[in-house]
Amino acid sequence: MKLIMKLKVYGLGFMVVSVFSIGKAYSQDDLNGLTQKLASTVGAVQTASKSYEQQVSSPQPAVIKYSYDEVDQKGARTNYAYEFNLADIDPYAVREQAQKDVIQVICAVRNKQKMVKVSKNNETQSYDDQVIILAKDIDNARAIAEIVKKAIPPAEKVMASKLKLSGYDNMVAWLTSNIKDVSLGTKSYVQKVSKTNFVGGLEFIQKESDAKASKEDVYSLNLADINLNSLTFKVTGNKFAVAFETLEKAKYIGLRSNGEIKPYVNDISIYTNNVDEARDIKTVLNMVVPQALEKVKADMPNPASEVDALQKMKALVSNVAYGPKQITQTIEAQCNTRFIQTEQDPKATEKNEIKFNWIDMNPNADKIDVTGEKMFIEVFVTDKKKMVMHSKNDKFNSYDDEFKIYVTNIENGRRLKVLIDKTIEKCKTSYKEPFSKDAASATAWLKKTIADVTLEETTVKQTFETVEGDNNKIKYTSRTVNAKGSPGEEVFEFNLNDMNPMSV
């Protein structure tokens, strides 16, 4: 019994050493040597009814192009080609199998992703999730499978070190140079990326053409708005693309289609010629987006004072055009301000005048929003109180709890939003009450300020006065007058110290 126990321990020790030795040799295998070995191991295969003339090449490190000519008994020849990256193959899913009178080596992609480009007679077919390599016999199949398994780890290392870009500018330059045109049979995509004048801003042009028609889409986007969690490969038949959405699916991407302004969108698909082009674009986007986000944050306006904030904000409130509709916008550079917005189209003109004080606005509630092709900042009053006076075509319309400022694009919008938030903050900080804290000053201010008010054809005559010179005793008189006369007068007498200040 003791002898058997010792033999088991020694056997285990031998097994550990063997695995370690294999692992060490396994990691030192040269990828080029393995691909060359694979090319020499995969050869011609003959079955009862067909022959297969096979070739293996490596157009770039870690990428394998496996192709063969299938020839039938009449001499008809059909070419098939499979392009894949060894780093995508699941080593545990590489196996041999017999299929009728031919031996196959199945190389399946991890997680069953469709990462294999398939061509038939040089026409791209639907992408697949596995490659089937033909073998002469079972020994040949085992040799092919073993080479593929050994080549996967060095291929993964090659891919991990493939793109070593440093710096935001180099990453953007790489994107502008490596997003390429794509041809898929009768359909082609001409694609071009270029920088815009805004930090993080890109223009992406994608022209789709076939024998019957063409369409050109021009997207305006900012790298800082991309949601990296949405970055994925999108496979639709023979189309392979890198797709992404904006953060919170916000419709911040401008779109012109054949020169016509279209509604804002929240996603883009960039087509690629193969999986590795897509993989590289995805890798660079993952690197550049966080840097763009930091650069955009640093580029936001930071006004030094209330006056500076108001002036900068006024400069960004500009006119906007939506097809035949023109929206003219002007705002006063004051905390207690007036905002005029005039909408004009060939049929009508509407003037909206908004009066409000920035100290009443809620900086935590304002937001950039989109409706179709219109982008605007929606500004809300704190606690949704109706503190915004709205007149339409020079006539009082209503008191509201919000209003909209239209913007030309997301870049102006995000900067205007920052300035609005800063304006609210600085107006609140700089606000000073127009009277002293004592009762005499406060009541004197009320007596002067509470006066007659006229809205359209109705006037409210009102007075606020102290009784017997006592600042605590108040008499308030109110009388409404319109075209029909006056229904009468109301007089209120009260002591201020009886009032609940929390109810005002």
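Where is Asp-421 found? In this predicted model, the residue belongs to helix 7, which covers residues 410-430. Once neighbours within four places in sequence are set aside, Asp-421 touches Pro-363 and Asp-366.

Next come the helices. Two packed helices are described by the angle between their axes and the distance between the axes. For helix 4 (residues 168-178) and helix 5 (residues 275-299), the axes come within 9 Å and cross at roughly 140 degrees. An angle over 145 degrees would count as roughly antiparallel, so this pair is classed as oblique instead. As for handedness, helix 4 and helix 5 make a left-handed crossing.

Which residues of helix 4 meet helix 5? On the helix 4 side they are Tyr-168, Met-171, Val-172, Trp-174, Leu-175 and Asn-178. Facing them from helix 5 are Asp-280, Ile-281, Val-284, Leu-285, Met-287, Val-288, Gln-291, Ala-292 and Lys-295. Sorted by class, this contact has 11 nonpolar residues, joined by two polar and two charged ones.

Six of them make up an open sheet with antiparallel pairing, and reading across it gives the order 19-20-21-22-25-26. Strand 19 (320-322) and strand 26 (395-400) sit at the edges; each has a single partner strand, so one side of each has no neighbour in the sheet. Going from one strand to the next, the twist averages 20 degrees.

Within that order, strand 21 (residues 336-344) and strand 22 (residues 349-357) run antiparallel and are joined by nine bridges. The two form a hairpin, with four residues between them.

What about strand 24, residues 374-380? This strand is mostly covered, with six of its seven residues buried. Strand 23 (residues 367-371) pairs with strand 24 in the antiparallel sense, over five bridges. Thr-371 and Lys-374 are bridge partners in this pairing, the latter in strand 24. Strand 23 and strand 24 form a hairpin with two residues between the strands, and Gly-372 in that hairpin takes a positive phi near 60 degrees. Strand 24 is also joined to strand 27 (residues 402-407), this time by six bridges, and the two run antiparallel. Met-375 finds its bridge partner in strand 27, at Val-407.

Terms used: Residues numbered from 1 in each chain as written. Predicted model: local features only at pLDDT ≥ 70, side-chain atom pairs only at ≥ 80, totals over all residues. Heavy atoms only, no water. Axes fitted to C-alpha atoms, helices over the stretch in contact; angles between N-to-C directions. Parallel < 35°, antiparallel > 145°, perpendicular 65-115°, else oblique. Left-handed = near helix turned anticlockwise from the far one by under 90°. Contact = heavy atoms within 4.5 Å. Nonpolar A, V, L, I, M, F, W, Y, C, P; charged D, E, K, R; others polar. Pairing = 2+ DSSP bridges. Buried < 20%, exposed > 50% of the residue type's maximum accessible area, 1.4 Å probe, protein only.
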